[in-house]
Amino acid sequence: MNNSPLSDLLSPLQLEHAARCIEQAQSIAIITHQNPDGDALGSSLAMRHFLLSLGKHTVTNIVPTSFPDFLAWLPGLDSVIQYEQQPEAAAAALREADLVICTDLGESTRVAALSPVLTERFDSYTASRTSVNSANSALLIIDHHLSRVCTDQPEQIAYPECASASELVFRLAYQLGKLSLTPDFATCIYTGMMTDTGNFSYNSCHPEMYSIIAMLLTTGINKDTIYDRVFNAWNADRMRLVGYCLYHKMKLFPEYRTALITLNRREMYRFNAKSGDMEGIVNMPLQIKDIYYSVFMREDKIPPHQIPDAGGAKVKAKISFRSQGDRPVNKLAHEVFRGGGHMNASGGEYFGSVDEAAQKFIETMPRYMQKE
Ligand code: 5GP
Ligand code: MN
């Protein structure tokens, strides 16, 4: 009888591929998605701790853009290369590694300016399947976005039904029989599981999640402290910004059970808002009874790598979509705002001002939001 508290989610083929890639690699680069959140950083740093515990010495973590202050304490974060600060080092690490591991990331396009380099790695991996000359091409994808589901390609550990990529990293280590439960590893995994489920308030009914948490807690980590560091870390400006958003900026469309909040650059400047400060605002209107969809738009400058695609626009709207229950928002994000994501949490963007993006959203809302 199998007494394991976890089912064998990952297939033997996936485990064999991962084990072989890791064993053969001398240098390993780990990369996660742009604007990394708790799961992106948690999963990629947990992977780092796992590889170090296996005796892999040359492990480089890369993040494409900056990360929020409320995650800056995560163990291992001080060794991360941030592309915006060290562009050459980040690109070189990605190009030269024997093995590239993507965590919480399934698309080579969601890594800001590193997208051409990662696309090259994806392409050379695909080519290596058919060619003998496969130097510098090993690849492992650990992801839970809907855009990527497991195929028969063993490098893709891609399970949208899993609430976090961090859980998948844990399962990989566990199923390989190489789990080394240290406080640093456990802290990173717990942070990713906690943040991608809103502190276990959505996507959080699978009993095995709690078996994993029970194992993590045996390392002595304090989950309440982790919660406190992540969720009780606001500054006063952010508190006032939230008040402003909810009082002045929230528009309700009761017929479509939808709330919309926009922030332009002037407003963000007024509240001294950095990107992490806006994290979570999109979830708040869902606390209103009978509001099932929430949309948050903020205005950003167009980064240099997107200027050729921006059609002359000076700014872009970065958009977050959230919903509750069986009401997908990823289709709207994908079809109208060149994005994607999960059924209940997606994002996209629009080249132009937030007012223009809001107009576009209001026009398309009847096609995507269920009237109830
Ligand atoms: P957030 O609203 O927190 O930025 O993103 C929520 C989720 O939407 C992310 O976990 C990611 O899956 C997805 N997402 C956000 N922005 C984009 C985007 O520009 N493109 C795609 N494909 N997915 C996105
Ligand atoms: Mn995630």
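Buried means under 20% relative accessible area, exposed means over 50%, and partly exposed covers what lies in between (1.4 Å probe, protein chains only). With 1% relative accessibility, D104 therefore counts as buried. The structure here is a predicted model, where local features need pLDDT of at least 70, side-chain atom pairs count only at pLDDT 80 or more, and totals for chains, interfaces and linings use all residues. Residues are numbered from 1 along each chain as its sequence is written, chains are lettered from A and ligands numbered from 1 in the order in which they are written, and side-chain values use heavy atoms, with hydrogens and water left out.

As for its place in the chain, D104 turns up in the loop between β4 (99-103) and α4 (115-128); helices (H or I, at least four residues) and strands (E, at least two) are DSSP runs, numbered from the N terminus. N35 also has a positive phi without being glycine, with a value near 45 degrees. The loop that holds N35 runs between β1 (27-31) and α2 (38-53). N35 has a relative accessible area of 39%, so it is partly exposed.

Moving up to the overall layout, the chain splits into domain 1 (12-230) and domain 2 (236-368), with bounds that come from an automatic or database domain assignment. Taken over C-alpha atoms, the centres of domain 1 and domain 2 are 27 Å apart. Nine residues from domain 1 and eight residues from domain 2 take part in the contact, where contact means heavy atoms within 4.5 Å. Between them, domain 1 and domain 2 bury about 760 Å², with 58% of that on carbon and sulfur atoms. Buried area here is the accessible area (1.4 Å probe) that two parts lose on being put together, summed over both.

Then there are the charges. Side chains of opposite charge can pair when their charged atoms come close. A salt bridge is a side-chain nitrogen of Lys or Arg within 4 Å of a carboxyl oxygen of Asp or Glu. K371 is exposed because its relative accessibility is 52%, while E255, at 45%, is partly exposed.

D300 and R298 also meet through their side chains, in a salt bridge of 2.9 Å, N to O. Here both partners are tucked away: D300 is buried at 16% relative accessibility, and R298 is buried at 12%. E167, R171 and E208, in turn, are joined into one network by salt bridges that share partners. For D224 and K223, the salt bridge comes to 3.5 Å, N to O. D224 is exposed, as its relative accessible area is 51%, and K223 is partly exposed at 32%.

Aromatic rings come next. Rings of Phe, Tyr and Trp (its six-membered ring) pair if their centres lie within 6.5 Å; planes under 30 degrees apart count as stacked, over 60 as edge-to-face and the rest as tilted. The count under this rule is nine aromatic pairs. Y227 and F231 make up a tilted pair, 4.8 Å centre to centre with 45 degrees between the planes. Both of these residues, Y227 and F231, belong to helix α8 (residues 223-231), where they are four residues apart, about one turn of the helix. Y227 is partly exposed at 31% relative accessibility, and F231 is partly exposed at 28%.

Y244 and F271 form a pair too: the ring centres are 5.0 Å apart and the planes lie at 40 degrees, so the pair is tilted. This one links distant parts of the chain, with Y244 in helix α9 (residues 236-249) and F271 in the loop between α10 (265-270) and β9 (293-301), 27 residues apart. Y244 and F271 are both buried. Elsewhere, ring pairs connect F321, F337, Y350 and F361 into a cluster.
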